[in-house]
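Subject: Handover of a structure and its findings

Dear colleague,

Please find below the structure that I am handing over to you.

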Amino acid sequence: MRTQNILAALAATAALAIPAAHAQPVFPDKPIRLIIGSAPGSGPDIMARLIADHLYGVWGQRVVVDTRPGVAGILSAEQALRANPDGYTWLMLTSQLFVATSVYPGLKFNLDTDFDSVSLVGLVPWVVTISPQLPANSISELIALAKKSPGKLRYGSGGPGSGEHFATVQFTHMAGIDMLHVPYKGVAGALIDTIANEIQMQFAVYPAAWPHVSSGRLRAIGVGTAKRAPGLPNVPTIGETVPGYVNFGWYSIVAPKGSPTAVLNKASAEIVKAAREPAFGERLKTLGIEIIAGGRKELDDFRRSERKRVTEIVKASGISITR
């Protein structure tokens, strides 16, 4: 009788456990927050919304793009780290934020250790855009103008330490010229002022630059990648005039350290799958993006190699920021 009672109790416990197991939520069961450190209309914003739209179609849950521009993306990282690491808060880690953490002192976080990798989406060219009113049609002519009037030509950026600032400092250092830096809250405003000739030059990632270049409002005279950009085949690389110059932007997704591994693996697999799908991939290619579609390990490896590359450029150019 005692054995029968024990077996009955175990059966009852098992019966209760079955509904509890089925009640476990399946990720995602609520909206996901994707924080970006750039202003609306920027390359990261465009990329984030493409990813958000795709994942909504797959999961039926919104990915809310939360723009937190400021201090070259540092504010976005600080915001992400204040969130509960439950897998429902992501951060778009870009080349801009990566550069900023190499030049800003006294940060409240360590970008290399405080965030877990999710996925490396792709690389994107920097495009050197100039005002059509500027009497220059090439990188060599721009350099000649700058040498003729040191410190007179103005260039914009998304703020001190931003990717645009970093790419331009590297360019002016290697070209041996002096230009005046005019910081903006976001690259979109800088591009508008370049069109108006309030500033004369702007480095911008391809997705942000292309609409203005294709309409003729801005003139593209160079790209920062080692090879010419497929969408701008007639635009030379900067390296063709300034030997050794290479700089590019990139997009990836990370999450605060401690986020559930199973959630990060699922998110990574879906983003990689999306980037490899022909339809979604074509949308990325129209934005000039070289698709990498790397998973968590690939992003880990990439972050290590980028840290080494960026650190070497920072040291060579002498760029420094006081916050």
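**The largest pocket**

Strand β4 (residues 115-130) contributes three residues, the largest share, to the lining of the largest pocket. Strands (E, at least two residues) and helices (H or I, at least four) are DSSP runs, numbered from the N terminus. The model is a predicted one, in which local features need pLDDT of at least 70 and side-chain atom pairs count only at pLDDT 80 or more, while totals for chains, interfaces and linings use all residues. Residues are numbered from 1 along each chain as its sequence is written, and side-chain values use heavy atoms, with hydrogens and water left out.

A pocket is defined on a 1 Å grid over the protein atoms alone, as an open set of points with protein on both sides within 12 Å along at least five of seven lines; a cavity is a set of points where a 1.4 Å probe fits but cannot get out, and lining residues have an atom within 4 Å of a point. Grid points are joined across faces, edges and corners, and a volume is the space filled by probe spheres set on the points.

The largest pocket has a volume of about 290 Å³. It is lined by 17 residues, of which P125, A229, P230, G288 and E290 are the closest to its centre. By class, this lining holds ten nonpolar, three polar and four charged residues. Here Ala, Val, Leu, Ile, Met, Phe, Trp, Tyr, Cys and Pro count as nonpolar, Asp, Glu, Lys and Arg as charged, and the others, Gly among them, as polar.

**The second largest pocket**

The second largest pocket holds about 250 Å³ of space. Its lining has 28 residues, with S38, S42, P44, Q96 and E164 nearest the centre. Strand β9 (248-256) gives the most to this lining, with three residues. The lining divides into 14 nonpolar, twelve polar and two charged residues.

**The cavities**

How many cavities of 30 Å³ or more does the structure hold? There are two. The largest cavity has a volume of about 50 Å³, and its lining includes S38, P44 and Q96. Among the residues that line the second largest cavity are F98, F166, W250 and R309; by class, six are nonpolar, two polar and two charged.

**The nonpolar core**

In soluble globular proteins, nonpolar side chains tend to be buried together. A nonpolar core is a set of buried Ala, Val, Leu, Ile, Met, Phe, Trp, Tyr and Cys residues joined through side-chain atoms within 4.5 Å. The largest such core has 100 residues, and W90, M92, F171, M201 and F203 have the most contacts inside it. Strand β4 gives the most to this core, with ten residues. Contact means heavy atoms within 4.5 Å. Leaving aside neighbours within four places in sequence, F203 is in contact with residues including W126, V128, F171 and Y245.

**A serine in β4**

S119 is found in strand β4. Why does S119 count as buried? The reason is its relative accessibility of 1%, since buried means under 20% relative accessible area, exposed over 50% and partly exposed in between (1.4 Å probe, protein chains only). A polar atom of the S119 side chain lies 3.0 Å from the backbone oxygen of G294. Not counting residues up to four places away in sequence, S119 touches S252, I253, S268, I271, V272, G294, G295 and L299.

Key:
A polar contact is a pair of N or O atoms within 3.5 Å; within protein, one must be able to donate a hydrogen and the other to accept it, and residues adjacent in sequence count only if both atoms are side-chain atoms.
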